[in-house]
Amino acid sequence: MSELSIPFATLPRTTVPAAGLEVTPLADADRKPLSKKEVSADHPTWCPGCGDFSVLALYFKLIEKRKMWHEKITTVAGIGCSSRFPYFVQAHGAHFIHGRALPFASGISLSRPDLHVFVFGGDGDAFSIGGNHFTHTARKNVKMTYVVMDNFVYGLTKKQTSPTSPIGFKSKTDIWGSTDRPINPLKQAISAGATFVARTTHTNPNHVLKMMEAAMDHDGFSFIECLSECVEFFPGAFDSSNPRKGGQFLEVPAEHDVADEYAAYRLADEPFPGRFGIFFQTQRPTKNANEAKLIADHRAKVGGLADWQILQKSFDRTK
Ligand SMILES: Cc1ncc(C[n+]2csc(CCOP(=O)(O)OP(=O)(O)O)c2C)c(N)n1
Ligand code: SF4
Ligand SMILES: [Mg+2]
């Protein structure tokens, strides 16, 4: 009789081993971390030199380092160059609607407490069309990690001004240069109520990985602004933050109190290239915990009925 040593959890829930096939569940401790090869899907279609490559490579590193297996990986995105991200990850995920990644991800997060949901996307997706979702997901403190790959431009649609484009930036929508004050993603996140707010840049791989790990370990809505250069439509945008291009990579000062919201706000106000690291972190009940409690309280009230019986009762009430 053959014996399959495949991780039991990777089987679809409905799979019943065929007669004669015995499946030996593999303990997590015995499972190998996924290699880049095992978790990479299509060849990324980004332009050569695009900053997004480095963010993807570091996500693969994170998956390997933190031993996330296929059934535990959930990668969600909206629309944009950066939002093509889930296509390139060989695991569960969705390339969703422009600006709507966060509500989609919230549904997964609230219904699957065993997963840590990652959302990747661009500055247009996050702060323009998705601006409201950003505010409300942050204030509700839905547990997930949101990495905004900020390139200060709309890349996919070939160079329009984005909410983070600097004043004077010439684009197809501002041919004489943008005159609108850009938003500050960190201040936006802090004031919306995000409980973890950090900043990093694609040119510093170790730092990106460190921020992703800290964000993943945070129990709540964790937000990372990751500068990710669009070499096609805004080349050189981040040179002043890159020591290899004569710029400066300055970390958040060691004495900064991450629990001090106003200090974080002031730090986020420093002119570009600003600081890199964790600006703000606090603990507040998550939407996930609040909803779980609500459900448990209601279950207790109905005296241990099965889910379908509770549903039946509510249908009966509407007759
Ligand atoms: C509802 C809707 N509106 C507009 C578009 C067109 N569109 C696609 S991506 C995009 C902006 C992309 O910019 P960003 O989010 O910064 O991502 P990047 O390409 O720079 O990574 C726009 C306006 C769309 N796909 N759907
Ligand atoms: S257009 Fe810009 S953001 Fe899009 S893949 Fe090319 S370099 Fe990257
Ligand atoms: Mg962009």
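Tutor: Welcome! In what follows, strands are DSSP runs of E with at least two residues, numbered from the N terminus. Keep in mind that this is a predicted model.

Student: Where is the place of Lys159?

Tutor: Lys159 has a phi near 80°, a positive value in a residue other than glycine. Its place is in the loop between β7 and β8 (160–161).

Student: Does Lys159 count as buried, exposed or partly exposed?

Tutor: A residue needs 20 or more other C-beta atoms within 10 Å to be buried, and 12 or fewer to be exposed. Lys159 has 19 C-beta neighbours inside 10 Å, so it counts as partly exposed.

Student: And is Asn141 buried or exposed?

Tutor: Asn141 also has a positive phi, about 55°, although it is not a glycine. Asn141 sits in the loop between α5 (131–140) and β6 (144–150). It has 24 C-beta neighbours inside 10 Å, so it counts as buried.

Student: Which element gives the most residues to the shell around ligand 1?

Tutor: The shell holds 17 residues, with Gly80, His98, Gly122, Gly124 and Gly155 the closest. Two elements give two or more residues to it: α4 (123–129) and β7 (153–154). With four residues, the one giving the most is α4.

Student: At what angle do α2 and α7 pack?

Tutor: Helix α2 covers residues 52–65 and helix α7 residues 205–217, and their axes are 10 Å apart. The angle between them is about 55°.

How values were computed. Residues are numbered from 1 along each chain as its sequence is written. Chains are lettered from A and ligands numbered from 1 in the order in which they are written. This is a predicted model: local features need pLDDT of at least 70, side-chain atom pairs count only at pLDDT 80 or more; totals for chains, interfaces and linings use all residues. Axes are lines fitted to C-alpha atoms, for helices over the stretch in contact, and angles run from 0 to 180 degrees between N-to-C directions. A residue is near a molecule or strand if its C-beta atom, placed from the backbone, lies within 6 Å of it.
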